[in-house]
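Keep the picture open beside you as you read.

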Amino acid sequence: MPELPEVETVRRGLQPAMEGARVTTVEQRRPDLRFPFPAGFAGRLEDRTVTALGRRAKYLLMHLEDDSVLICHLGMSGSFRIEAGEEEALPGAFHHARAKDGKHDHVVFHLRKGEEPPLRVIYNDPRRFGFMLLTKAADLDVHPLLAGLGVEPTGNALDGGLLARLLAGRRAPLKAALMDQRVVAGLGNIYACEALWRAGLSPRRAAATLAARDGGETARSVRLAEAIRTVIAEAIAAGGSSLRDYVRADGTLGYFQHTFNVYDREGAACRTAGCEGTVRRIVQGGRSTFYCPACQR
């Protein structure tokens, strides 16, 4: 599944085209994706202006002038492309070719913005694990998909004090606690591994050890909060890492790699200065965890 940096990259790519544009026509070319489309889907979007394009965790949020919000998820293979006349663009820094087979173009948004030429935003999804749902802006915080999501790992809200309070009393391993979307929204497997390496913390240690006896911050919680914010910011700047899944020679799915320090580097030398350790892979909660047992304590 795409992780938060990939979704944010897509949002930033779509934003100039969609914000302030009026949806003139919507082509809905099948009754469902992962879930059925909402009743009257196309009609509820047409002749409405997109007032903002946001994101919460790994969900894209298209706000409309009637206070409706379209919630979009890319699933495993979903992508948007922008077409204006003979030109087209893929929003985001895609490192692998994206599907353009028309049989997988499931939704087409026709847009107009002022005197600018009309354009099309096309949602393509070969595997159809993505989805689009509609709700009201006032109901976003209580929507079943969004209710209970934790703090965003961007900006300054996530600091050592807040992270310590969120982890205080938790006996679960630190990596498992970070993957709990009620703690940090949208933090996935790749970036949890990378942040723990940067902070020098073992994914096996009890999550509660990052909080002081009174639940306050510790040096560990401060380091980890900073590492999470930094690795997410750098991944967004780099265009993300998993916008396109690909098949390795052995048939398993993998991710495009660019600057990972531990993720998918089992058996490689640790990149921490002065460390002579080797990256190890373990399984936690059914997911691969990569870390250096020599310098992550």
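How many aromatic pairs does the count come to? The answer is 6 aromatic pairs, and please keep in mind that you are looking at a predicted model. To be counted, two rings must have their centres within 6.5 Å of each other.

Start with Phe35 and Phe131. Their ring centres are 4.9 Å apart and their planes meet at 45 degrees. Why is this pair called tilted? Planes under 30 degrees apart would count as stacked and planes over 60 as edge-to-face, with the rest called tilted, so an angle of 45 degrees makes this pair tilted.

Phe35 sits in the loop between strand 1 (22-28) and helix 2 (41-45), while Phe131 belongs to strand 9 (residues 131-136). The two parts are 96 residues apart in sequence, so the pair ties them together.

Next, find Phe80 and Tyr123. The centres of these rings lie 5.1 Å apart, and with their planes at 55 degrees the pair is tilted. Here, too, distant parts of the chain are linked: Phe80 is in strand 5 (residues 79-84) and Tyr123 is in strand 8 (residues 119-124), 43 residues apart. Are these two residues buried or exposed? Phe80 is buried, with a relative accessibility of 4%, and Tyr123 is buried at 1%. The cut-off behind that word is a relative accessible area under 20%.

Which residue has a phi near 65 degrees, a positive value, without being a glycine? That is Asp47, and you will find Asp47 in the loop between helix 2 and strand 2 (48-56). Asp47 has a relative accessibility of 55%, so this residue counts as exposed.

Our last stop is Asp264. This residue is not a glycine either, yet its phi is positive, at about 60 degrees. Asp264 lies in the loop between strand 11 (253-254) and strand 12 (280-284). With a relative accessible area of 27%, Asp264 is partly exposed.

How values were computed. Residues are numbered from 1 along each chain as its sequence is written. This is a predicted model: local features need pLDDT of at least 70, side-chain atom pairs count only at pLDDT 80 or more; totals for chains, interfaces and linings use all residues. Side-chain values use heavy atoms; hydrogens and water are left out. Helices (H or I, at least four residues) and strands (E, at least two) are DSSP runs, numbered from the N terminus. Buried means under 20% relative accessible area, exposed over 50%, partly exposed in between (1.4 Å probe, protein chains only).
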